[in-house]
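Please consult the sequence and the structure while reading.

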Amino acid sequence: MAIGVVASLTTAAPATARAEASELRVHSVQYHPNGLDDGSGALLNREWLQLINRSKQAINLRGYTVHNNNGRTYRFGDVVIPANGGRVWLRSGSGDDTARTVYWNNGGFVWNVNGDKAFLRNRKGQSLHTCSWSYVKGRDWVRCPVNP
C-alpha cells in the first residue's frame with residue numbers, strides 16, 4: 001500500500017504536468033511602457049509579457065521559451081506556474097527572480113512598438129501560443145486572443 005501512495009504522489013508533481021496549447025498561453029504584453037527613460041533601466045521592467053496557466057495542474061516552465069519577431073529569446077529556468085489561472089510575468093529588464101516574476105536581463109527593450117509577435121514554445125520547441133500586435137496610437141499593451 002505504501003508503494004501505491006508514493007507512486008500517486010510522484011505522478012501528481014507539478015514538474016511533470018503537461019499543458020495543451022489552449023491551457024498555457026500568453027495572456028498579455030506591455031510593449032510600450034509609459035514614462036521617461038532616464039537610462040536607469042527601471043523603464044525596462046515596465047515592459048513585460050504575462051503567461052497564464054488555465055490547466056488543472058501546475059506547470060514547470062524549465063526549458064520553455066519566449067521570443068519575438070527579431071529572434072530575441074528568453075529560456076525559462078526552474079519556474080512553476082500555478083494551476084487554475086496562475087500567472088507569471090517576464091519583465092524585460094533586470095531584477096531578482098521570484099515565484100511570479102522573472103527577468104529577461106536584456107539591455108534594451110524587447111518588444112517593438114510598431115508591431116511585433118510573441119511566441120511561446122515548450123521545451124521540445126513546439127509552438128504553444130502566439131500573440132501579435134500592430135501600432136495603435138495611444139495603446140501601450142495588448143491582451144492576447146485565446147486562439148490567435
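The model is predicted: local features need pLDDT of at least 70, side-chain atom pairs count only at pLDDT 80 or more, and totals for chains, interfaces and linings use all residues. Residues are numbered from 1 along each chain as its sequence is written, and side-chain values use heavy atoms, with hydrogens and water left out.

**Overall fold**

- The chain contains 1 helix and 11 strands, where helices (H or I, at least four residues) and strands (E, at least two) are DSSP runs numbered from the N terminus.
- Along the sequence, the pattern is α-β-β-β-β-β-β-β-β-β-β-β.
- Of the 148 residues in the chain, 42% are buried, that is, under 20% relative accessible area with a 1.4 Å probe and protein chains only.
- Among contacts (heavy atoms within 4.5 Å) with a separation of 6 or more, 55% are between residues 24 or more positions apart.

**An open sheet**

- Four strands form an open sheet in the order β5-β4-β9-β10, with antiparallel pairing; two strands pair if DSSP finds at least two bridges between them.
- Strands β5 (73-75) and β10 are the edge strands, each pairing on one side only.
- Strand β4 (residues 65-67) is joined to β5 by 3 bridges, and His67 has Thr73 in β5 as its bridge partner.

**The largest nonpolar core**

- A nonpolar core is a set of buried Ala, Val, Leu, Ile, Met, Phe, Trp, Tyr and Cys residues joined through side-chain atoms within 4.5 Å.
- The largest such core has 27 residues, and Val29, Leu61, Phe76 and Trp111 touch the most other members.
- At least two residues of this core come from each of β1 (24-30), β2 (48-53), β7 (86-91), β9 (115-121) and β10 (127-134).
- Beyond its neighbours within four places in sequence, Leu61 is in contact with Leu24, Leu51, Phe76, Gly77, Val79, Ile81 and Arg123.

**Asn53, a buried residue**

- Asn53 lies in strand β2 and counts as buried because its relative accessibility is 0%.
- A polar atom of the Asn53 side chain lies 3.1 Å from the backbone oxygen of Pro82.
- Leaving aside neighbours within four places in sequence, the contacts of Asn53 include Glu23, Leu24, Ala58, Ile59 and Pro82.

How values were computed:
Buried < 20%, exposed > 50% of the residue type's maximum accessible area, 1.4 Å probe, protein only. Polar contact = N/O pair within 3.5 Å; in protein donor to acceptor, adjacent residues only side chain to side chain.
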